[in-house]
Amino acid sequence: MSETSPTPSEPAAEEPLAGLVAQFTSPEALKKAAARVRDEGYTRWDAHSPFPVHGIERAMGVRRTILPWLVLGAGISGGMAAILLQWWTNAFDYPHIISGKPLFSLPANIPVTFELIVLLSGLTAFLGNLVLNKLPEFSHATFRSERFRRVTTDGFFISLDATDPKFDEAAARALLESAGAAAVDACRVAAPARLPAVVGWALLVLGVLATLPPVLTLWYRSIPKRSPRIHLIQDMDFQPKYKTQAASPLFADRRAMRPPVEGTVAVGRLREDEYFHFGRTQDGWARSLPMEPTDELIERGRQRFDIYCAVCHGYDGAGGGIVSKRAIERMEPDWATPVSFHSNAVRQQADGQLFHTITGGAGKMPGYAALIEPADRWSIVLYIRALQLSRNAAAGDVPDEIRRRLP
Amino acid sequence: MQAEAAQITATERISLGSQGRRLAGPALAVGLAGLAAGFGLGWLRDDGLKHFFHSYLLNYCFFLSLSLGGMFFVLIQHVTRAGWSVSVRRLAEILAANIFWLTVLVLPLVVPVLLGNSALYRWNDPAAVAGSELLQVKTPYLNPAFFGVRALVYFLVWWCLGRYYLGRSVQQDVSGDPELTIRMERRSPAALILFAVTVTFAAFDWLMSLEPEWFSTIYGVYFFSGAVVGGLATLILAAIGLQAAGYLRDSITTEHYHDLGKLLFAFVVFWGYIAFSQYMLIWYANIPEETTWYLARQSGPWVWLSLVLLFSHLLIPFFGLLSREAKRRKAILGFWAAWLLAAHWLDLYYLVMPSLCGGRLPLGAIDACLLVGVGGIYAAGVFRVASACALVPQRDPRLAESLAFENI
Amino acid sequence: MSSTLAENVDNTTDDPRRRAALVIGRRDYASITDRVCGVAEMPRTPPAWYVLFAFSSLLTAALFASVGYLFVTGVGVWGNNSPVFWGWPIVNFVFWVGIGHAGTLISAILFLFRQRWRTSINRFAEAMTVFAVMCAGLFPAIHIGRVWLVYWLAPYPNQMAVWPNFRSPLLWDVFAVSTYGTVSVLFWYHGMIPDLATLRDRAGGKLRRFFYGLFALGWRGSARQWHRYEVTYLLLAALATPLVLSVHSVVSFDFAVSQLPGWHTTIFPPYFVAGAIFSGFAMVVTLMVPARAVLGLKELVTVRHLDNINKVLLATSWMVAYAYSVEWFMAWYGGSPYERFAFLNRALGPYAWAYAIMVTCNVLVPQLFWFKRCRTTPWIMFVVAVLVNVGMWFERFVIIVGSLSRDFLPSSWGYFRPTPIDVLMLVGSFGMFFTFFLLFLRFLPVVAMAEVKTVVAHDAQNHDS
């Protein structure tokens with residue numbers, strides 16, 4: 001049935017006539033004959049040549065193919081798909097600012113868009129050609145003619161299909177011979193054999209098997225597993241280096257993380273001035289600020305206090321800040337109410353001790369050394385003193401012009 | 001085939017002759033009137049003739065680019081030994097040989113620079129140069145004397161090329177000597193090299209140096225691509241016009257229009273490619289000394305002009321010229337050729353005008369007057385040249401091939 | 001018309017009154033078919049083929065071995081190091097992609113320009129393109145470091161919810177080179193279908209008939225099918241033309257979008273495309289000159305064809321020279337001290353030797369082609385073509401390594417040295433290229449017979465020569 005087995009020129013008597021094949025000597029002869037066949041009104045016929053003969057389409061009355069329109073459509077779709085892909089992935093689904101460019105950067109998206117237009121157009125052109133030409137078509141009646149083998153070398157042929165309504169063997173032969181055919185062959189072909197059933201079953205089985213990998217993949221990705229994943233690249237996954245908190249046999253204390261050498265000071269952390277950095281003197285707590293108290297310093301202290309301290313201690317320093325109120329409201333079991341600054345105990349504390357509390361914390365309160373610079377901590381101490389004075393002032397402490405305005 | 005060719009050229013009208021000479025006069029008059037009106041309007045603006053010079057430069061470069069596009073067409077047909085284009089090549093040769101009037105028309109641009117005028121080129125202003133280290137560094141190139149010498153060289157080269165190729169081709173009309181074709185072909189590679197160098201540096205000198213701090217290595221290619229689009233569009237319109245007036249009815253066929261249309265389409269895409277390359281690279285690296293040029297063309301009302309240019313010079317004509325039928329029907333092809341000629345003018349506007357004033361779109365009667373002005377004189381030159389020779393190379397050895405070929 | 005010395009007929013005539021014959025000697029369709037099919041139908045493979053194949057396979061094996069070593073050990077096996085982070089692998093990538101471009105130009109662009117002389121060489125050149133693109137695609141894939149994650153370059157939905165960065169030219173490369181590879185293969189195969197049918201119809205053995213028949217898809221020369229075939233050919237050619245321009249432009253964007261002096265310049269896209277065509281045509285000559293002599297194709301690939309190819313070489317050499325000149329001018333004109341230094345450094349710095357090779361091979365040597373004698377003498381053009389390819393490899397080297405080794409900050413400067421693995425991979429890639437090419441020569445139709453016959457028919461119709 002297929003062209004792989006050579007067929008004899010003399011047909012078996014029982015095989016029906018599928019068509020006639022006539023050979024011509026030159027492209028011009030082929031064109032003239034084609035025009036004759038076209039004019040006779042045949043519709044199921046074809047001309048064959050080893051190369052495209054210029055002008056044969058006109059002689060045969062072949063209409064221009066729609067393939068260019070299919071390719072245009074594919075190109076436009078490819079372009080739109082590319083723009084959509086790039087917009088959706090980079091500007092919508094996971095927006096990513098790269099070197100300050102807009103999320104949807106049309107100039108940067110043009111190259112990929114262009115390539116996808118060409119790719120889809122090219123694939124459509126190639127596959128469209130195959131589909132419209134009905135290729136692959138490994139079996140055809142014309143292959144029954146031995147002479148027809150020359151078609152791909154230097155033979156020019158016309159084939160008439162017996163299923164054409166105008167076909168009549170004798171008339172067709174006469175037409176071809178009068179049109180200048182050098183030889184006319186009859187092509188006899190038995191009823192087309194069907195693909196053996198086993199091929200269909202094999203394809204079905206293969207199709208089912210082909211769905212297994214993606215299905216298994218999706219299944220495995222959706223279920224939790226106890227065993228760890230497979231490590232293909234060993235030396236990337238198990239790198240010969242120590243990670244944080246790991247143990248190391250090299251050191252006596254078996255820690256991989258080594259503390260700095262005794263006496264190491266980080267850059268900018270040499271806190272030589274004990275008074276300024278810790279609020280301590282040789283005789284105990286510092287009793288005053290290391291800098292001159294000024295209006296600006298109090299203002300700074302107020303600002304810093306309102307930021308860092310007021311949330312727990314309240315804006316008045318009495319201990320009723322919103323965090324505390326909330327914790328009490330929620331009945332937090334281990335909440336300790338912040339101390340009021342106006343209590344005698346706190347009022348009697350030295351400036352340095354207050355500073356120390358801010359630095360390192362006390363009880364429930366954490367240390368604020370990492371958050372507040374030392375100078376600012378002193379300014380907070382100053383402000384606390386101001387707050388304390390506000391609840392414990394004598395009439396003589398109020399400035400004259402304000403006292404005059406009081407009722 | 002040769003006999004057929006001879007018969008065609010014997011029966012159809014192939015020479016403008018006296019009709020051409022009669023058209024040259026009025027064209028010249030209209031041109032001079034336009035120039036005068038433009039100059040008057042420019043004087044009235046009281047800006048030191050800045051707008052006048054910019055508008056003049058824009059219109060001058062427009063018409064120059066048509067001749068340069070024609071020159072490229074002629075040279076490339078010779079270097080590839082093409083046969084299809086013989087019927088239309090004479091039209092391109094005529095365009096390319098119109099160098100005399102183009103030389104005269106460049107004087108209002110070059111002479112003021114030589115005299116120290118800096119309305120157009122800031123680098124010619126000693127105060128500006130003194131205040132900018134960058135301009136001082138460029139002084140060995142951007143100085144009036146060297147500028148003038150270079151302009152002289154460009155026109156000398158273009159004059160030689162244009163006159164040579166028209167001259168030999170016209171000589172062949174009489175003698176039919178195939179040796180002339182061989183000689184024109186042999187000289188075309190060197191001619192193309194000279195063409196490339198002169199066009200590149202002319203674009204640098206006259207257009208790129210409007211903004212002397214800025215630079216782009218692809219600028220010469222950009223100007224060239226636009227010039228070829230303009231030249232091809234003019235060629236198409238000339239052929240259509242001549243056929244409408246009764247000339248060349250048989251020697252220019254649908255196949256020629258199809259091929260010219262294909263070339264026009266290809267160069268529209270090429271222009272788009274070059275324009276995009278320049279834009280995208282400068283946009284991507286975002287280096288301030290380069291982006292200023294585009295920022296000026298994207299700020300305020302200029303952004304609309306940029307978009308109009310993109311659509312009118314690339315996107316719309318791309319689809320317009322895509323189909324086979326569009327290139328084979330004179331009405332459609334002619335429409336797109338005229339459209340692209342306008343788009344090419346807009347392209348030059350986009351190149352020249354932002355250096356006049358940022359922020360607004362300077363468009364006025366002065367631009368129209370100078371378009372007519374420069375165009376009238378240019379057209380007069382074309383008519384003069386065209387009326388002195390036949391409109392088709394009657395005895396070119398490949399004329400028969402040109403008449404016979406068919407597209408797929 | 002025919003003579004025993006037919007292949008020595010000079011068809012490089014310049015007479016404008018007649019088009020020169022593009023096929024000389026016996027010009028009937030059967031002889032053309034015999035000559036071309038004879039190459040693939042040789043009953044016994046010549047020993048020379050085996051020797052060449054063994055050698056190139058050895059080099060291919062060396063390539064794969066070094067790639068395997070790279071995977072196992074890491075990118076440190078190359079010479080890439082600070083500041084030259086892109087070294088030979090990227091130079092090789094650009095080199096091979098550039099070579100591929102000639103095939104598409106000959107197939108597609110010359111087709112659109114109706115240059116009929118292309119039909120003897122286009123099959124050859126298209127095969128060269130396909131194999132060159134394969135060699136090219138290898139290098140960016142392996143140079144990414146964690147090669148087992150190369151699939152991350154594709155935009156597929158994933159659990160990390162991460163997408164590739166479409167704003168990067170490296171990703172544009174992925175799309176451009178894949179599209180180019182796909183369309184080149186499609187174009188090459190599409191052109192081969194009628195010729196495979198020819199081989200099928202002449203095939204003696206069952207195995208040959210089966211395989212040629214399978215890939216010929218049952219082609220029977222039907223005029224209705226030829227019509228669609230021709231339209232497809234035109235469409236593919238019209239698509240491949242802007243594609244080939246875009247691919248090397250996208251490759252040039254890898255460098256030009258940066259801010260590095262010597263890399264960031266707007267002329268890179270057309271300059272790279274011209275350079276690609278230049279090196280590709282040189283490779284065509286390098287392959288074609290020995291092949292036509294050994295395979296007996298001198299009457300199909302005539303001296304005129306070689307003459308035309310060499311003219312294209314000369315033209316593209318000038319385009320490359322134009323780009324060099326404009327870059328030099330603009331480096332001075334732009335006034336940037338970094339750009340000026342970059343160019344002076346190229347010519348006078350530590351890589352001056354590479355720069356000299358580049359300019360000599362790319363600009364000076366091809367000037368020999370002004371002389372017809374040089375354009376039409378096979379051994380001269382072979383030497384010139386090899387030197388051009390050397391020069392073009394060095395051009396990419398000068399651009400990439402030269403600019404990276406000395407950029408803005410002198411304290412970062414460094415001199416790049418390749419390692420033996422670098423060298424082995426470059427040489428090995430040539431091995432892979434030639435292996436595929438030898439297989440192509442042995443089994444596939446090396447000349448587009450159907451297209452050559454069309455040319456002969458056209459000539460016969462016009463009564464030329």
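Predicted model: local features only at pLDDT ≥ 70, side-chain atom pairs only at ≥ 80, totals over all residues.
Residues are numbered from 1 along each chain as its sequence is written, and chains are lettered from A and ligands numbered from 1 in the order in which they are written.

For the complex, the predictor gives an ipTM of 0.94 and a pTM of 0.86.

The three chains can next be taken by their overall form. Chain A contains 15 helices and six strands, and its radius of gyration is 48 Å, well over the 22 Å that the globule rule gives for 407 residues, so chain A is more spread out than a compact globule; the radius of gyration is taken over C-alpha atoms, and the globule rule is 2.2 Å times the number of residues to the power 0.38. The C-alpha trace of chain A spans about 140 × 65 × 45 Å along its principal axes. The domain assignment divides chain A into domain 1 (13-191) and domain 2 (274-396), with bounds that come from an automatic or database domain assignment, and the centres of these two domains, taken over C-alpha atoms, are separated by 91 Å.

Chain B has 17 helices and zero strands, and its radius of gyration of 22 Å is close to the 22 Å that the globule rule gives for 408 residues, so chain B is as compact as a globular protein of that length. Chain C has 15 helices and zero strands; with a radius of gyration of 23 Å, close to the 23 Å that the globule rule gives for 465 residues, chain C is likewise as compact as a globular protein of its length. Along the principal axes, the C-alpha atoms of chain B fill a box of roughly 70 × 40 × 40 Å, and the C-alpha trace of chain C spans about 70 × 55 × 40 Å.

Within chain A, four strands form an open sheet in the order E2-E3-E1-E4, with antiparallel pairing; two strands pair if DSSP finds at least two bridges between them. Strand E2 (45-48) and strand E4 (183-188) of chain A stand at the edges with a single partner strand each, so one side of each is left without a neighbour in the sheet. Neighbouring strands of this sheet are turned by 20 degrees against each other on average, direction ignored. Six bridges join strand E1 (residues 17-24) to strand E3 (residues 156-161) of chain A, and Phe157(A) in E3(A) is the bridge partner of Gln23(A). Helix H5 (residues 169-178) of chain A lies across E1, E3 and E4 of chain A and runs at about 10 degrees to E1(A), where axes are lines fitted to C-alpha atoms, for helices over the stretch in contact, and angles run from 0 to 180 degrees between N-to-C directions.

Some backbone details deserve attention, given that most residues other than glycine have a negative phi, and most peptide bonds are trans. The peptide bond from Leu135(A) to Pro136(A) is cis, with omega near -5 degrees, and Pro136(A) sits in the loop between helix H4 (106-132) and E3 of chain A. Ser99(A), although not a glycine, has a positive phi of about 40 degrees.

Confidence is expressed as pLDDT, the predictor's confidence in each residue, from 0 to 100. Chain A averages 90, but pLDDT stays under 50 over residues 1-6 of chain A. The mean for chain C is 93.

Note on methods. Helix = DSSP H or I, 4+ residues; strand = E, 2+ residues; numbered from the N terminus. Contact = placed C-beta atoms within 7 Å.
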